[in-house]
Amino acid sequence: MIEVRWHGRGGQGVVTSSQLLSQAAIHEGKYAIHIPEFGPERRGAPVRSYTRIDDNEIEIRYGVLHPDIVVVIDPTLATYKDMILDGIKKDATIILNSPGGDVPEEYYNFNLYLVDAYRIALDTLGRAIYNTSMLGALVGATGIVSLESVLKVMEARFSGQVLHKNIEAVRRGAKEVKKVG
Amino acid sequence: MSVTVRQVRTGLNGDEAVAYAVLHADVDVISAYPITPQTIIVERLSEFVYNGELDAEFIPVESEHSALSAALGASLAGARVFTATASQGLALMYEILYIVSSLRAPVVMALGNRAFSAPINIHCSHDDAYAARDAGWIQFFAETVQEAYDLTLIAFRVSEDERVLFPSIVNLDGFILTHSIEPLHVFSSKDDVSKFLPERDPVNAIDPDNPITYGPLALQNYYMEIKRQQAEALFNSKKIIDEVFDEYSEFSGRRYVPVKKLFVDDAETVFVLLGSTAGTMRHMVRKWRREGKKVGVVSLTLYRPFPEKEFVESVKDVENLVVMDRSFSYGSPGGQLYMDVSAALIRAGVSPRVLNVIYGLGGRDFTPDLAEKALEVATSTDVPLIWLGVRGD
């Protein structure tokens, strides 16, 4: 089982990313569960979401305590070490939206990936909404689902320009994410 | 009936799954209050009605009290009726809950289980389900999003059966099921589902051309006989629920039973619970079995009428029983399920050591550490009641 923890801020589409990932995995015939933040939902406040993916049926229903992958959608949360490293597995992967590329040293003990999702979001969507570029980065870094599956489930959810722009954001996220540690 | 009906594998959250079941049940009337603490079940349904997928009257009323009142009227007129609510909304329906069941009006309600205020909290507790436990409704508890879909279809079929004619509540844990996406199989169309759930054939529907009376006055002379009949009729509905579970199991290929059991046959300690925590508990029980600990788990898919016989049969030989309540009955010896279980055990003349565990109130996560703690208390102490994982303990 692969367990993913998403960090972001309320209003940034943290839940949407986790939902799309779970649906992409389900589309591939896998078992997956998306669990939204179990805390308060406020615009701008740190929020989290969880995704579990497995080849077998998933019975457990509690939040992810020991993630294999941590994705940090919001760049201003990238230095919240206690939050990001909380409970993560020894060989975990951390994927950061890091426009500056300047991150705490401890992160280099893990598989560390960086992407400038801020730039991608501005280029593709014209505004600082990073969730789909970070979903792309997750796919590019780990391959836990295929890019095609993500695009497929996006087609069911978005349409028109919103779909096209977000597809571009996902593609660029997948392409531009870089392993640094 | 055999499994020849096509199903589609998809990913939905619990709210959407219930909405799909209601669409596939081809309901005639949806009556609901659309604002907090309502879930998005009715939001999806209003879309289905608006875009023409579902030919139904959608009545967006001004309160939950009105929602259930309108549902009652529509049901008595012979319609297939659905409503949904949660926590405070169920509380505001309270007066009408008893009237719907006493008038033997089939209505199906989805209840996204959420905590009662105060303090304000929108997350999972079973307060609302237990608040309705004495009101004469059939109550099902879903463990998964799949079960929320299936039990909604089952509930229509049970409630509308002329040997039953009681309303049903399908409980699904707030957020844990209502907002979580899981894979599930849904039927392809209303037509396919109609093979299991044909159009409603109402009994004594109200009709302006042939007036009949529902809900007349009955005082000291007859009230008690009528209530006795109601109590017996709800108990007797158990047999029909068993039948419908069997029929749906064959129709869908997914097995439904009132009492789900894992590893109870040789168990020394058995956990008893309702709702989505059953999956986590089965996971823990498998782990404990690998460690050589004789633990089992029982979860109730049917809560009202209480499946007393199957329940007692499944736990009669255990040493320790752990009854998990996601609510508390203030001023009582324990939680609500604990009191049901205790009464059933006394009647059966069996007396295991019983621990009542109060857990997960207001959405507090039920983690493996807490499960370990519950097992430890149950097997090493004679404490009758614990509030699991509470600060200061």
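Modeller: In this predicted model, chain B and chain A bury about 1900 Å² between them, and 54% of that area lies on carbon and sulfur atoms. On the side of chain B, Arg9(B), Ile181(B) and Asp365(B) lose the most area to chain A, together making up 30% of what that side buries.

Colleague: What makes the meeting of Arg282(B) and Glu59(A) a salt bridge?
Modeller: The rule asks for a side-chain nitrogen of Lys or Arg within 4 Å of a carboxyl oxygen of Asp or Glu. The side chains of Arg282(B) and Glu59(A) come to 2.8 Å, N to O, which is within 4 Å and therefore meets the rule. Across the interface of chain B and chain A, the rule finds 3 salt bridges.

Colleague: Which element of chain B gives the most to the side that touches chain A?
Modeller: That is helix 10 of chain B, with 5 residues.

Colleague: Why is strand 3 of chain A called largely enclosed?
Modeller: A residue counts as buried when its relative accessible area is under 20%. In strand 3 (residues 46-54) of chain A, 7 of the 9 residues are buried, so the strand is largely enclosed by the rest of the structure.

Colleague: How do you know that strand 1 of chain A pairs with strand 3 of chain A?
Modeller: Pairing needs at least two bridges, and 8 bridges join strand 1 (residues 2-9) of chain A to strand 3 of chain A, so the two pair, running antiparallel.

Notes
Residues numbered from 1 in each chain as written. Chains lettered and ligands numbered in written order. Predicted model: local features only at pLDDT ≥ 70, side-chain atom pairs only at ≥ 80, totals over all residues. Heavy atoms only, no water. Buried area = accessible area lost by both parts, 1.4 Å probe. Helix = DSSP H or I, 4+ residues; strand = E, 2+ residues; numbered from the N terminus. Buried < 20%, exposed > 50% of the residue type's maximum accessible area, 1.4 Å probe, protein only.
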